[in-house]
Amino acid sequence: MTADIAALRKKYEHAGQGHLFAFWDKLSAQEKDELAEQLAALDVDRVNRIYHKAVSSDSPVEPSVPREPIAPLPDDAFDSTLDASPEQIAQWRDTGLRAIARGEVGVLLMAGGQGTRLGSSAPKGCYDIGLPSHKSLFELQAQRIASLQRLAAQLADGKPAVIPWYIMTSGPTRPETVAFFEKHQFFGLQPDNVIFFEQGTLPCLSMDGKILLETHSRVAVAPSGNGGLYAALREPLSPSHPTHTVMSDLKDRKIQFLHTYGVDNCLVRVADPVFLGSCITKSCDCGAKVVRKTSPTESVGVVVCRGTSSPPKYEVVEYSEISSEDAHRKDAKKPNELAFRAANIVNHFYATSFLSAEESFEDQMAFHIARKKIPCIDTASGEALKPSKPNGMKLELFVFDVFPFAQQFNCLEVAREDEFSPLKNAPGTGSDDPETSRRDLLAQHKRWLVAAGAKVADGVEVEISPLVSYAGEGLESLSGKTLSKSGHVEKLDDFALLA
């Protein structure tokens, strides 16, 4: 043990981070074990590389070397369900469903956040937006997976189809997330096909790149952003099986395509076969589902081309970074539409072959710096500091930071009212809150019924289980029926609820 600690200390001193041992001789045996375990698990050289790359990229660009201009997405990297023919959409859907039937599709859910802003300390996926069924976000998404597995099996003459579900939690939310799934018996999915793993963290750093101590025996850490999933894909799923990672599991299952999305969208079409088919048809490395930006000033990032390189480089430009001129620019081919209208909704496609090569991108991807007031220990005096102004930095990577490395990229534009209703704000806010999520989902279900030939009386709210219909299909039995207000909840065809 003494030799191991000496080697560990030498490693950190060589990396310029030897101050982390400043209080070693004063620590208890348990504290020494905890600090040694944390430092042994940390790749200090990687932390230094990330810091230097982030600082270099964060430096102001010289006026003489302006950033390359942005351009709208080219036609060959942009599809739209709003403009495509029904035949084209049906073809994409068939391609995606057949990939699911062949066992080539997996799903990755980013679910590390808590519902703090919603007034809940539970993981956000556990939240009930107030549907008649009181289903949580997790349950809605699980049942959409089950529904797709059923539809795909129909294409394969009844052969079972499996869509493995990889759920990225954070350290604090993992135990409660797993317990929630166990309590609800994995919502009918096979437990072996639901794989939990944790989002990565990075040490908090001083402005000059020194790792900060939260206590005398613990390094201060923070989540590394949703882009931390790329490193997390290569971390062991269990300490007892160090070679079993998400990436190795994808390889073992022969998964070729991965759909990735955030937990807070009640309308998300998990493993959407139309999106999959659009990207598979073009042999994409990476793709993004987008909605049409509503106005030049809407606070959303947009997917754009950057520069004139070949192949083109794609990225997300945040609303605070786009110029007013670009934000207001009109599309030359569609004068009524914005040129930069592909609003990012954190809904992505990956070829697993692209993800397996991602390690080569690490040194090229620049983490973003968030300068914060970080409570820490002064290693000179040993005193606890509670700064009144930013004294350090947290480093984050965004999930879309890999877009520029895709050789073949595609965006699929979809209808906002059918696919995007984020849950961000506290109840009663009036925007992106539980009430708007509930409203948008029930309004969608009413549209499905009307399209199927049913009549829905004014004031009636109808919830349709994903087990009955994934995206509006399979409702023919309700054609010609009138759904009137009953004053209570009743079941239609076992799963459709009339409130």
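Q: Which residues does the domain assignment give to domain 1, domain 2 and domain 3?
A: This is a predicted model: local features need pLDDT of at least 70, side-chain atom pairs count only at pLDDT 80 or more, and totals for chains, interfaces and linings use all residues. Numbering starts from 1 along each chain as its sequence is written, and side-chain values use heavy atoms, with hydrogens and water left out. Domain bounds come from an automatic or database assignment. That assignment gives domain 1 (5-58), domain 2 (72-200 + 235-365 + 401-424) and domain 3 (432-498).

Q: How many salt bridges does a search of the whole structure find?
A: A salt bridge needs a side-chain nitrogen of Lys or Arg within 4 Å of a carboxyl oxygen of Asp or Glu. With the whole structure searched, the number of salt bridges is 24.

Q: In which helix do Asp-94 and Arg-98 both lie?
A: Helices are DSSP runs of H or I with at least four residues, strands are E runs of at least two, and both are numbered from the N terminus. Asp-94 and Arg-98 form a salt bridge, with their closest N and O atoms 2.9 Å apart. They sit four residues apart, about one turn of the helix. That helix, covering residues 86-101, is α4.

Q: Is Asp-94 buried, partly exposed or exposed?
A: Buried means under 20% relative accessible area, exposed means over 50%, and partly exposed lies in between (1.4 Å probe, protein chains only). Asp-94 has a relative accessible area of 31%. Because of its 31%, Asp-94 is partly exposed.

Q: How many residues apart are Glu-413 and Arg-292?
A: Their side chains meet in a salt bridge, at 2.9 Å from N to O. The pair links distant parts of the chain: Glu-413 is in strand β20 (residues 409-414), and Arg-292 is in strand β12 (residues 286-292). The gap in residues is 121.

Q: Is Glu-413 buried or exposed?
A: Glu-413 belongs to a network of salt bridges that also links Arg-292, Asp-331, Glu-337 and Arg-341. Its relative accessible area is 1%, so Glu-413 is buried.

Q: In which helix does Arg-438 lie?
A: The side chains of Arg-438 and Glu-461 meet in a salt bridge, at 3.0 Å from N to O. Glu-461 is in the loop between β21 (455-456) and β22 (462-464), 23 residues from Arg-438. Arg-438 is partly exposed at 23%, and Glu-461 is partly exposed at 31%. The helix of Arg-438, spanning residues 434-451, is α13.

Q: What distance separates the C-alpha atoms of Ala-443 and Glu-461?
A: Ala-443 also lies in helix α13. Its relative accessibility is 31%, so Ala-443 counts as partly exposed. Ala-443 and Glu-461 are 18 residues apart along the chain, and their C-alpha atoms are separated by 7.9 Å.

Q: What is the phi of His-134 near?
A: Most residues other than glycine have a negative phi. His-134 is in the loop between β3 (105-110) and α5 (137-155). At 53% relative accessibility, His-134 counts as exposed. Its phi is positive, near 60 degrees.

Q: In which strand does Val-346 lie?
A: Val-346 is not a glycine, although its phi is positive, about 55 degrees. It counts as partly exposed because its relative accessibility is 27%. Its strand, residues 342-351, is β15.

Q: How far apart in space are Asp-378 and Leu-212, C-alpha to C-alpha?
A: Asp-378 is in the loop between β17 and β18 (384-385). It counts as partly exposed at 26% relative accessibility. In sequence, Asp-378 and Leu-212 are 166 residues apart; in space, C-alpha to C-alpha, they are apart by 8.6 Å.

Q: How far apart in space are Lys-373 and Ala-15, C-alpha to C-alpha?
A: Lys-373 is in the loop between β16 (368-372) and β17 (376-377). With 51% relative accessibility, Lys-373 counts as exposed. Lys-373 and Ala-15 are 358 residues apart in sequence, and their C-alpha spacing is 25 Å.
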